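I opened a new notebook page for this structure.

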Amino acid sequence: MKHLKPREDGQYMIQSLLPPERGGLFVSYVESELGKTPSAFIKELVFKYLQETFPEFAIHSVGEDFCNLSIF
């Protein structure tokens with residue numbers, strides 16, 4: 001399996017293609033019901049998953065992004 005490599009700034013770009021019907025439903029719901037962009041919502045889901053799965057890591061805020069992880 002090929003591993004993802006970080007961009008020059010160290011961040012990882014993760015993409016996922018959804019079938020038209022599911023993708024349209026997801027985008028419509030997130031924008032209209034949650035008032036968020038799909039990208040921002042997916043980022044929240046990933047961070048929540050990481051926090052729940054790896055509780056030994058604390059997520060610290062950097063501006064509006066939550067991308068710095070540190071070990072206790």
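I began with terms: helices (H or I, at least four residues) and strands (E, at least two) are DSSP runs, numbered from the N terminus. I noted that this is a predicted model, where local features need pLDDT of at least 70, side-chain atom pairs count only at pLDDT 80 or more, and totals for chains, interfaces and linings use all residues. I also noted that residues are numbered from 1 along each chain as its sequence is written, and that side-chain values use heavy atoms, with hydrogens and water left out.

**Entry 1: elements.** I looked up the helices and strands. The protein chain has two helices and two strands. Read from the N terminus, their order is α-α-β-β.

**Entry 2: surface and contacts.** I checked burial next (buried is under 20% relative accessible area, exposed over 50%, partly exposed in between; 1.4 Å probe, protein chains only). Of the 72 residues in the protein chain, 7% are buried. The chain's accessible surface is about 6,700 Å². Carbon and sulfur atoms own 60% of that surface. Areas come from the Shrake-Rupley method with a 1.4 Å probe; for residues, only the protein chains shown count as cover. Then I looked up contacts (heavy atoms within 4.5 Å). Among those between residues at least 6 apart in sequence, 0% join residues at least 24 apart.

**Entry 3: the helix pair.** At what angle do the axes of H1 and H2 cross? I found roughly 90° for H1 (residues 20-34) and H2 (residues 38-53), with the axes coming within 9 Å. So H1 is roughly perpendicular to H2. The cut-offs are under 35 degrees for roughly parallel, over 145 for roughly antiparallel, 65 to 115 for roughly perpendicular, and oblique for the rest. Axes are lines fitted to C-alpha atoms, for helices over the stretch in contact, and angles run from 0 to 180 degrees between N-to-C directions.

I listed the residues that meet. H1 brings Phe26, Val27, Val30, Glu31 and Leu34. H2 brings Pro38, Phe41 and Ile42. This contact holds seven nonpolar residues, no polar ones and one charged.

**Entry 4: salt bridges.** I looked for a side-chain nitrogen of Lys or Arg within 4 Å of a carboxyl oxygen of Asp or Glu, which is a salt bridge. The structure has two.

- Arg7 pairs with Asp9, with the closest N and O atoms 2.5 Å apart. Arg7 is partly exposed at 40%, and Asp9 is partly exposed at 46%.
- Lys36 pairs with Glu44 at 2.7 Å, N to O. Lys36 is partly exposed at 30%, and Glu44 is partly exposed at 38%.

Conventions: Nonpolar A, V, L, I, M, F, W, Y, C, P; charged D, E, K, R; others polar.
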